[in-house]
Amino acid sequence: MNYNPELQILLKLIGEQPLKFLENINIEKFVKILNRHKLLPITHKILPLLISEDREFLKTELKRWARRSMMLSREFTCIIEMLKQHSIEPIGFKGPILEQSLYGGRGNRHYRDLDLLVYRKDVQR
């Protein structure tokens with residue numbers, strides 16, 4: 001199959017295939033594809049392969065994502081602490097919990113919301 005350059009890079013990126021210098025890509029289109037497939041956080045490994053303008057664009061997008069991820073993580077911590085102050089034991093899953101346990105840190109996994117479970121008896125409180 002003949003894929004466009006942006007999709008070829010994406011396929012190589014997730015398949016761990018070697019990449020060579022990347023100069024014929026539409027970086028904005030590439031970032032849209034990455035966001036659609038929730039893969040933007042793993043693109044740091046291709047930064048050295050990009051021409052400088054594209055590298056700066058992708059760095060900006062990665063920093064934006066990292067700030068958002070950190071904000072969600074802080075919010076997650078605040079919500080858990082608030083619930084615990086009311087003797088509600090929440091169970092966090094997906095989002096920052098999964099990111100920390102599988103990827104070892106912030107900004108390495110794509111998530112847009114926070115997921116918590118509480119016991120049924122605590123729902124009305």
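A polar contact is a pair of N or O atoms within 3.5 Å; within protein, one atom must be able to donate a hydrogen and the other to accept it, and residues adjacent in sequence count only if both atoms belong to side chains. This is a predicted model, in which local features need pLDDT of at least 70 and side-chain atom pairs count only at pLDDT 80 or more, while totals for chains, interfaces and linings use all residues. Residues are numbered from 1 along each chain as its sequence is written, and side-chain values use heavy atoms, leaving out hydrogens and water.

Helices (H or I, at least four residues) and strands (E, at least two) are DSSP runs numbered from the N terminus. At the start of H2, a side-chain oxygen of Asn-26 comes to within 3.2 Å of the backbone nitrogen of Glu-28.

Lys-38 follows H2 and has a positive phi, near 60°. In the loop between H2 and H3 you will find Thr-43. Thr-43 counts as buried, at 0% relative accessibility, and its side chain reaches the backbone oxygen of Leu-40 at 2.8 Å.

**Helix H3**

H3 runs over residues 52–85. With 34 residues, H3 reaches 49 Å from its first C-alpha to its last, close to the 50 Å expected at 1.5 Å a residue. That expected span is 1.5 Å times one less than the number of residues in the helix.

Most residues other than glycine have a negative phi. Ser-87 is not a glycine, yet its phi is positive at about 60°. It lies in the loop between H3 and E1, and Ser-87 is exposed, with a relative accessible area of 54%.

**Salt bridges**

How many salt bridges does the structure hold? There are three. A salt bridge here is a side-chain nitrogen of Lys or Arg within 4 Å of a carboxyl oxygen of Asp or Glu.

| Salt bridge | N to O distance |
|---|---|
| Lys-59 and Glu-56 | 3.6 Å |
| Glu-61 and Arg-64 | 2.8 Å |
| Asp-122 and Lys-121 | 3.4 Å |

Lys-59 and Glu-56 both sit in H3, three residues apart, about one turn of the helix. Lys-59 is partly exposed at 31% relative accessible area, and Glu-56 is also partly exposed, at 43%.

Glu-61 and Arg-64 likewise both belong to H3, with three residues, about one turn, between their positions. Glu-61 is buried, with a relative accessible area of 14%, whereas Arg-64 is partly exposed at 37%.

For the remaining pair, Asp-122 is buried at 4% relative accessible area, while Lys-121 is exposed at 65%.

Lys-94 has its place in the loop between strand E1 (91–93) and helix H4 (95–103). This lysine is partly exposed, with a relative accessible area of 43%. Lys-94 and Asp-113 are 19 residues apart in sequence, and 9.1 Å apart in space, C-alpha to C-alpha.

Which residues make the nonpolar surface patch of about 370 Å²? They are Ile-91, Phe-93, Leu-117 and Tyr-119. Patches gather residues with over 30% relative accessible area and no salt bridge: like charges are joined within 9 Å, and nonpolar side chains (Val, Leu, Ile, Met, Phe, Trp, Tyr) within 5 Å. The areas come from the Shrake-Rupley method with a 1.4 Å probe, and for residues only the protein chains shown count as cover. Tyr-119, one of the patch residues, lies in the segment after strand E2 (115–117), and Tyr-119 is partly exposed, with a relative accessible area of 47%.

Key
Buried < 20%, exposed > 50% of the residue type's maximum accessible area, 1.4 Å probe, protein only.
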